[in-house]
Amino acid sequence: MGFIQSCLKYLKYCLRMAFIITNNIYCIPTHLAWMTFFWPLKRYYITLWLAIESQLYEWLLTMVSIWCYSAGYNVVEMGDDISIISEDEALFMYNHQSTADGRAHNP
């Protein structure tokens with residue numbers, strides 16, 4: 001690999017890291033601010049709060065998936081269909097390995 005190609009690759013990595021750090025600096029505090037703003041809904045309108053929290057968290061996870069995509073990773077989700085027992089009393093145990101795991105939420 002030539003010197004120019006190495007420099008361009010290094011520049012790409014630096015720009016990607018700057019993008020990730022910038023996203024963390026503004027997205028996480030913004031998420032926390034919105035959740036604090038909507039906190040009173042949790043006491044009086046729990047279903048509305050859960051819907052809002054679920055959407056905001058999904059947007060936060062979208063940011064993480066963009067990092068994966070920009071690194072060249074393809075994420076494939078797989079597992080059993082839990083919709084059959086989602087209305088029953090059940091204990092769900094996840095093998096939590098990343099931020100994207102464990103999103104079985106039924107508002």
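1. A search of the whole structure finds four aromatic pairs. Rings of Phe, Tyr and Trp (its six-membered ring) pair if their centres lie within 6.5 Å; planes under 30 degrees apart are stacked, over 60 edge-to-face, and the rest tilted. This is a predicted model: local features need pLDDT of at least 70, side-chain atom pairs count only at pLDDT 80 or more, and totals for chains, interfaces and linings use all residues. Residues are numbered from 1 along each chain as its sequence is written, and side-chain values use heavy atoms, with hydrogens and water left out.

2. Take Trp34 and Phe38. Their rings are stacked, 5.6 Å centre to centre with 20° between the planes. Trp34 is partly exposed, at 42% relative accessibility. Here buried means under 20% relative accessible area, exposed over 50%, and partly exposed in between (1.4 Å probe, protein chains only). Trp34, Phe38 and Phe37 form one aromatic cluster.

3. Trp39 and Trp49 pair edge-to-face: 6.1 Å between centres, 85° between planes. This pair links distant parts of the chain, ten residues apart. Trp39 sits in helix α2 (residues 39-44) and Trp49 in helix α3 (residues 46-70). Helices are DSSP runs (H or I, at least four residues), numbered from the N terminus. Trp39 is exposed at 51%; Trp49 is buried at 9%.

4. Helix α1 covers residues 3-37, 35 residues in all. Its first and last C-alpha lie 51 Å apart, close to the 51 Å expected at 1.5 Å a residue. The expected span is 1.5 Å times one less than the number of residues.

5. Which residues of α1 are buried? They are Ile20, Asn23, Cys27, His31 and Met35. What covers them includes α2 and α3.

Methods:
Helices (H or I, at least four residues) and strands (E, at least two) are DSSP runs, numbered from the N terminus. Contact means heavy atoms within 4.5 Å.
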